[in-house]
Amino acid sequence: MNDPSSMPPPCAGLRIGDIAPDFEARSTIGPVRLSAYRKRWLVLFSHPADFTPVCTTEFVALAREAEAFEDRDCALMALSVDSLFSHFAWLRMIRDRFGVEVRFPIVEDPTLVIGRAFGMVSPQDNDSATVRTTFFIDPQGVIRAMTCYPANLGRSVPEMLRILDGLQAIDERHALAPANWQPGEPMLAAPSHNLDEVYAAKDITGWFLRDNEGKA
């Protein structure tokens, strides 16, 4: 067994509430800078490689739903270790085969510098096999949610939209989103921190489990 002291340090990664690291890189729409997307929502998602089956289905699905993200004032940005010209060839293939154009930027990250900055790969990794993470970044540049999928399971675009809807509703209504919440459904109020309100609640859950209109 390896001596733990001789092993490379683990990938620290980013956490919810962290400011997303800024970067500037080449992309399929020209040079992009992450901080230029401040004042609106941004979904930054990575994929292991171009011309792979699962990633291709994801990009087709996201391209078809790009307007739904735009309607929520949210931009999409993809990240891959492949070169810019590989991205171009892949997008051409997607258009010709599936009839959809991917217009959101795909950033090249051949040295994994961005992937490492975001904690998507460990410092000792030499390839992008583990790069398959999604970051939901708010208009202030704060990471509000993250998802991480294995290479053999595609993301759910409806769930990406639900997460975005939930985060925006939480901010707008100052409330909590319960399990399986969908837009238009009731939300929850934050639990009381006042002992008198705890004792005054009508039942044993009324002080912490109630909708944001005060109903238990």
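**Exercise 1.** Which residues does proline 105 touch, not counting residues up to four places away in sequence?

*Solution.* A word on the model before we start: it is predicted, so local features need pLDDT of at least 70 and side-chain atom pairs count only at pLDDT 80 or more, while totals for chains, interfaces and linings use all residues. Residues are numbered from 1 along each chain as its sequence is written, and side-chain values use heavy atoms, with hydrogens and water left out.

Step 1: list its contacts (heavy atoms within 4.5 Å). Proline 105 touches Ser27, Thr28, Ile29, Val32, Tyr37, Leu76, Met77 and Ala78.

Step 2: look across the sequence. Arginine 26 is 79 residues from proline 105 in sequence, yet the two are 9.2 Å apart in space, C-alpha to C-alpha.

**Exercise 2.** Find the side-chain partner of arginine 40.

*Solution.* Step 1: go to the loop between strand S2 (32–33) and S3, where arginine 40 is found.

Step 1: check its neighbours. Beyond four places in sequence, arginine 40 touches Glu70, Asp73, Cys74, Ala75, Ile137, Asp138 and Pro139.

Step 2: pick out the partner. The side chain of glutamate 70 makes a polar contact with that of arginine 40, at 3.1 Å. A polar contact is a pair of N or O atoms within 3.5 Å; within protein, one must be able to donate a hydrogen and the other to accept it, and residues adjacent in sequence count only if both atoms are side-chain atoms.

Terms used
Helix = DSSP H or I, 4+ residues; strand = E, 2+ residues; numbered from the N terminus.
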